[in-house]
Amino acid sequence: MNMPEVEAKWQKYWEDKKLNYYNPASGKKKFYCLEMFSYPSGAKLHMGHWYNYGLTDSYARYKKMKGYEVFQPMGFDAFGLPAENYAIKTGVHPEDSTIKNIQTMEEQLKKIGAMFDWSHEIMTCMPDYYKWTQWMFLRLYEKGLAYRKEAPVNWCPSCNTVLANEQAAGGVCERCGSTVIKKNLTQWFFKITEYAEELLSGLDKLDWPEKTKLMQKNWIGKSFGAEVTFTAENGQSFKVFTTRVDTICGVSYVVLAPEHPLAKVFTTDEMKSAVEAYVEATSKVNEIDRLSSDREKTGVFTGSYAINPATGKLVPIYLADYVLYSYGTGAVMGVPAHDERDFAFAAKYGLPVNQVITDKSGSATLPYTEDGYLINSGEFDGLFGNDARKAIVESLQSQGKAKFKVNYRLRDWLISRQRYWGAPIPIIHCPHCGDVAVPDKDLPVRLPYDVEFKPDGKSPLAKHDGFMNVKCPKCGGDAKRDPDTLDTFVCSSWYYLRYADPHNDKAPFDSDIVNKMLPVDKYVGGAEHACMHLLYARFFTKALRDMGYLNFDEPFLSLTHQGTILGPDGNKMSKSKGNVVSPDPYVNEYGADILRLYLMFGFNYVDGGPWNDDGIKSVAKFADRVERLFERVTALPDQNADVYGAEEKQLDFVLNNTIKAVDYGMNTFSFNTAIARLMELTNAMTKYEGVENNNTVLLKNSLKTLLLLLAPCAPHFTEELWHKLGNEDSVFEQAYPEFNESKLVKDEVEYAVQINSKIKTKIVLSKSMTREEIQTAALGSKDVLQALNGATVKKVIVIPNRLINLIV
């Protein structure tokens, strides 16, 4: 079969018949199947893209044949650092390089033969898309979910931009791997913490991988404790969050994060130079190292003291790098007797160790970190664990010094970026009116083309006077636009909604349309997005729901992570390592369907693995076997339709077992086992083909079923064979085969025949036979008589449905 010719033929056929287009009037139940859209930052798709898009398309085609009206759109996540860095490297403007890359990737994606509905295509870098991204920002701003403040932020000195916490996990930039430092900057944030509890509780009802749900739960990081107010000698108070308020009477010092705003307030003149040197040194250490249990604890005394609200005693105020301003209140109480980290810190700086908890024996070894009985705690002595914590908080609460508190590790989402290639933030800064939202009628705030975008630590747009200088929408006076652009994750936090209504120029989407087509039924993409895109999209969905635009709670009901196709060397594909594998040579040599089949068969979908093309020839030979079988079987006359003996029953069993197994495999992304069963069916049909006086009607029906099962996995190849059968409609307009349960119950069983307990042959007998009938049949079998070779049988032992042992 000339695959390039066949593929072009059927791709045109599908497009002309609009078989890939979503039809809301079909009356069928909708099924929204979505792959995470790609970044057009490189010139071409690599094998990993194929692994995601090609195989998920097979799943979507399977769902179409199962009777669903499938919606499978495609687009491009075109803004952000990857595309900009690629443009900087090549010297070509980001807009030009991105559009060119998109055109190349569109051609490659179409060669896959996927049922993408290209009439719903979106590109996040186009004004007709980012107009509505800016609209989203303004709606969140109106609801108090977008705000601007000065804060210590993650700064990548290599990319020269701010990173969200999720993009700086491990203390390194997710894009370039550089060590991230802390800087104080005025930035825009989305108040994702407003939804922390719902983001956490909503995970339980989602059909997502447990590991992904656990990652989000840990990132949100809910903990129960108390918020206690300490007051310094100068009258300045600050709050401490603790899960162990039962140890408060043992506090011998308190610690603030070096980046805490009160650090300067509490620093005395005598300690100023030491504190400044320590704060400077800490800014160069990433958060992972700061929190490492193996790293020596360091700190500096501010010169000030605070009053312990439970005892009235003065305790010194330290700064220490193991406390992060981004977690809790950015201040903790030091209890060396009951915390290992505090114990080491106290030992280093000569601070008191005050034991206030002991075990049942009263002889606990310090530091004692378990729950226990309070001692040296005044009126609270003798209380245990939760009872002690409750009593202490209630006592301090009556004095206005404490309250029970649920704390979350989740921080608000920092969305400002000091880069060019992104959606401009639609805010105008007026010296008279303050921050003023750009009116909806003036959207989009267009990204100017003539900008020097090479990073120098400042926002490129700030250097473009034509962009920056504007009149205030409120007072008409001179004002400045916000110079920053939005984090690209803002663009991808709502794209699944725009797909449903991509040409709407009056709104980001029609709520009636979206509420019928969403949520996404199956979402497929990489696990690396667990705590970024997947969390942000959930936040957007909930916020838009609360504003009345959506009537559902979650964007993605079911989620599957594809594994990673590594380079042949076992490392992640990278141009710098020279291990990127392009699908193009394989498509040119074997065809898109053979590559798709090989990816389905050669890897466990959720695991992936190193690329190895050793098996692709075997898959090509499998397709050849199917084609040759097709040619032979279709040439046979219809005969022996009433023949239904043991061989026919066996073929029927394999056929129905294959339907059942492939149906399950396709539905659970177990593509490798599904292809293996199809290979077994092909072998069984070839074997039956050689049976004398075979039932060719059964064989032809089996061939038709084989094609229907194979269709989602090799769409062009199967469509060609399907039409050769004389069919006028597409194979994808046919119903997916259903297995017959009765054909899976065998009324015959294979017996192992032993002679003196050694297996000599096997025979197939009816399950309904009595022992006497089994014995008679065995002794009359040609194969058994040949094995006996004239020996006299003295005894026959029958184990029903298993074996017959002849003693001679």
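**Exposure, backbone and interior**

Reader: Does N789 count as buried or exposed?

Author: A relative accessible area under 20% means buried, over 50% exposed, and anything in between partly exposed, using a 1.4 Å probe and protein chains only. Because its relative accessibility is 69%, N789 counts as exposed.

Reader: What value does phi take at N789?

Author: This is a predicted model, in which local features need pLDDT of at least 70, side-chain atom pairs count only at pLDDT 80 or more, and totals for chains, interfaces and linings use all residues. Residues are numbered from 1 along each chain as its sequence is written, and side-chain values use heavy atoms, with hydrogens and water left out. N789 occupies the loop between helix 26 (782-788) and strand 30 (795-799); helices (H or I, at least four residues) and strands (E, at least two) are DSSP runs numbered from the N terminus. N789 is a residue other than glycine, yet its phi is positive, near 55°.

Reader: In which loop is K18 found?

Author: K18 is also a residue other than glycine with a positive phi, near 55°. Its relative accessible area is 48%, so K18 is partly exposed. K18 is found in the loop between helix 1 (3-16) and strand 1 (30-35).

Reader: Which residue does a cis peptide bond join to L366?

Author: The residue in question has its place in the loop between strand 14 (357-358) and strand 15 (373-374). Omega of the bond is about 0°, and the partner of L366 is P367.

Reader: What is omega for the peptide bond from L443 to P444?

Author: P444 lies in the loop between strand 20 (434-437) and helix 13 (465-468). The bond from L443 to P444 is cis, with omega near 0°.

Reader: Which residues is Q216 in contact with, leaving aside its neighbours within four places in sequence?

Author: Q216 belongs to helix 7 (residues 210-220). Its relative accessible area is 0%, so Q216 is buried. Taking contact as heavy atoms within 4.5 Å, Q216 has as its partners L203, W208, A530, C531, L534, L535 and R538.

Reader: How far apart in space are Y349 and G299?

Author: Y349 lies in helix 11 (residues 340-349) and, at a relative accessible area of 26%, is partly exposed. Not counting residues up to four places away in sequence, Y349 touches K297, T298, G299 and Y318. Y349 and G299 are 50 residues apart in sequence, whereas C-alpha to C-alpha they are apart by 8.6 Å.

Reader: Which element supplies the largest share of the lining of the largest cavity?

Author: On a 1 Å grid over the protein atoms alone, a cavity is a set of points where a 1.4 Å probe fits but cannot get out, and lining residues have an atom within 4 Å of a point. The largest cavity has a volume of about 130 Å³, the space filled by probe spheres set on points joined across faces, edges and corners. Of its 16 lining residues, the closest to the centre are G80, L81, R417, D487 and T488. At least two lining residues each come from helix 3 (81-90), strand 6 (161-163) and strand 23 (485-486), and the largest share, three residues, comes from helix 3.

Key. 1 Å grid on protein atoms, 1.4 Å probe; cavity = no way out; pocket = protein on both sides within 12 Å on 5 of 7 lines; lining within 4 Å.
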